Amino acid sequence: MSEHVAPEADFRPSLSRRYSLSPDQPFDLDPTLSCGQVFRWHNAHGIWYGIIENEPVAVRQSGSLLTYSGCSEASLVRYFALDIDLGSVLRTAGYDQYLEAAVRRHCGLRIVRQEPWECLVSYLCAQNTSIPHIRRMLGNLCARAGDEVCGPAGRGYAFPEAGAVASLPQEEKRGCALGYRAGYIHRTAEAVAGDPDWVERIRQMDYEDARHEMMRFPGVGPKVADCILLFGFEMYEAFPVDVWVRAIMKTCYGVGSAAKTLSPKEYEVIRRFGQDHFGPYAGYAQEYLFADREHLIRLNGNE
């Protein structure tokens, strides 16, 4: 089993719980879960299935109403960051013509609050591959090392603890299709299992120190560290740079080079420009620009 699934193909959970969104606090479930920040959710018949706090969850949106099952309201609000004043965040994020256009087209996209350990492994898996492969790797790892969990929203696998991943036999790891990432994940799992306070220690650091600390884990480079701090630690000043963000920044802001590959030096130039330009919520700006990437690059590349 590669992802969270319902017990039967035609299963429909009873979405008995309701949450009404505030009119001045936009939220759009579909782009939030499909924009590439999380990898263990899937949509079937308009219902999103995933795992929150090791419990299977099903959630659907109809306008300003969320119907769901499998978790408490507090867990739903926290996970989807519904307690954040999104309008204030975006107005703070160095609002300019490009961000304004992206927000207009993707209003309601929010950065979810991921569990740090799962986020760390997810972005180790996410290097140099496609989203379907990331999902397959994570699904395989959960099926082999995680506990099966069941509830009114269906069944699936909890994300395995670091100790369970570290102790997974090598042949089992090879069966997860991790490729060269297997060694990084194994050594990182050992390090995390032996350092139970790592999350709280990083939470107490400022961004640059936390970034440096994250890069001590095997396989964690600048981009992976930035992604983990943004999605797993709510350090919204993080500004991850991939090939799409690089193209946006070059095309729209004139930052970066036209070289074939993204060098560490250029990464730093773009990252720091993004942080300086967009401020303490640079990560939110990055997510909206990324969501609007094809439009921004096509439109401004033709100017």
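This is a predicted model: local features need pLDDT of at least 70, side-chain atom pairs count only at pLDDT 80 or more; totals for chains, interfaces and linings use all residues.
Residues are numbered from 1 along each chain as its sequence is written, and local features need pLDDT of at least 70, side-chain atom pairs pLDDT 80 or more, while totals for chains, interfaces and linings use all residues. Side-chain values use heavy atoms, with hydrogens and water left out.

Student: Which residue of β3 stands opposite Asn43?

Tutor: β2 pairs with β3 (residues 47-52) in the antiparallel sense, over three bridges. Opposite Asn43, β3 places Trp48.

Student: Are α5 and α9 roughly parallel or roughly antiparallel?

Tutor: Helices are DSSP runs (H or I, at least four residues); axes are lines fitted to C-alpha atoms over the stretch in contact, with angles from 0 to 180 degrees between N-to-C directions. Helix α5 (residues 116-125) and helix α9 (residues 181-193) pack at about 160°, their axes 10 Å apart. Angles under 35 degrees count as roughly parallel, over 145 as roughly antiparallel, 65 to 115 as roughly perpendicular and the rest as oblique. The two helices are therefore roughly antiparallel.

Student: Which residues of α9 make the contact with α5?

Tutor: Contact means heavy atoms within 4.5 Å. From α5 come Trp117, Leu120, Val121, Leu124 and Cys125; from α9 come Arg181, Tyr184, Ile185, Thr188, Ala189 and Val192.

Notes: Two strands pair if DSSP finds at least two bridges between them.
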